[in-house]
Amino acid sequence: MLPRERKTADHRVLGRILELSFGQKKPSDEMIDFISELYLRVGGSWVGFFKGNPDQVRLLKQCAMMVVKKDKERRKHE
């Protein structure tokens, strides 16, 4: 699914970040949901992100990077 076809803004943003920054052409909805939930659990704010708060942008990218890295490690050991 293309990022612009996703239903919610957080999913569209995460789909685009995963595509551009991590080469994930078709990230799964499960991965996107997990990153979104993780971001909120560690103090992320979508309002802050969409207002351009650099700390929130950095936090979201860190969450995405951690999940992508863990996913690659998991796949390597399968």
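Colleague: Which residues does Phe49 touch, not counting residues up to four places away in sequence?
Modeller: Leaving out residues up to four places away in sequence, Phe49 touches Val13, Tyr39, Gln56, Val57 and Leu60; contact here means heavy atoms within 4.5 Å. This is a predicted model, in which local features need pLDDT of at least 70 and side-chain atom pairs count only at pLDDT 80 or more, while totals for chains, interfaces and linings use all residues. Residues are numbered from 1 along each chain as its sequence is written, and side-chain values use heavy atoms, with hydrogens and water left out.

Colleague: Thanks! Where does Phe49 lie, and is Phe49 buried or exposed?
Modeller: Phe49 lies in helix α3; helices are DSSP runs of H or I with at least four residues, numbered from the N terminus. Phe49 is buried, at 13% relative accessibility. Buried means under 20% relative accessible area, exposed over 50% and partly exposed in between, with a 1.4 Å probe and protein chains only.

Colleague: And Leu60, what is Leu60 in contact with?
Modeller: Apart from neighbours within four places in sequence, Leu60 contacts Val13, Leu14, Ile17, Ile35, Tyr39, Trp46 and Phe49.

Colleague: Let's talk core. How many residues has the largest nonpolar core?
Modeller: The largest nonpolar core has 17 residues, and Leu18, Ile35, Tyr39, Trp46 and Leu60 have the most contacts inside it. Such a core is a set of buried Ala, Val, Leu, Ile, Met, Phe, Trp, Tyr and Cys residues joined through side-chain atoms within 4.5 Å. Helices α1, α2, α3 (46–50) and α4 each supply at least two residues of this core, and α4 gives the largest share, six residues. In soluble globular proteins, nonpolar side chains tend to be buried together.

Colleague: OK, helix packing. At roughly what angle do the axes of α1 and α4 cross?
Modeller: The axes of α1 (residues 9–22) and α4 (residues 54–76) cross at roughly 65° and come within 11 Å. Axes are lines fitted to C-alpha atoms, for helices over the stretch in contact, and angles run from 0 to 180 degrees between N-to-C directions. That makes α1 and α4 roughly perpendicular; under 35 degrees counts as roughly parallel, over 145 as roughly antiparallel, 65 to 115 as roughly perpendicular and the rest as oblique.

Colleague: Which residues of α1 and α4 make the contact?
Modeller: Val13, Leu14, Ile17, Leu18, Ser21 and Phe22 of α1 make it with Leu60, Lys61, Ala64, Met65 and Val68 of α4.

Colleague: How about Lys61, which residues does Lys61 touch?
Modeller: Not counting residues up to four places away in sequence, Lys61 touches Ser21 and Phe22. Lys61 is partly exposed, with a relative accessible area of 40%.

Colleague: Last one: is Ser36 buried or exposed?
Modeller: Ser36 is buried, with a relative accessible area of 6%. Ser36 is placed in helix α2 and, not counting residues up to four places away in sequence, touches Asp10, Leu14 and Trp46.
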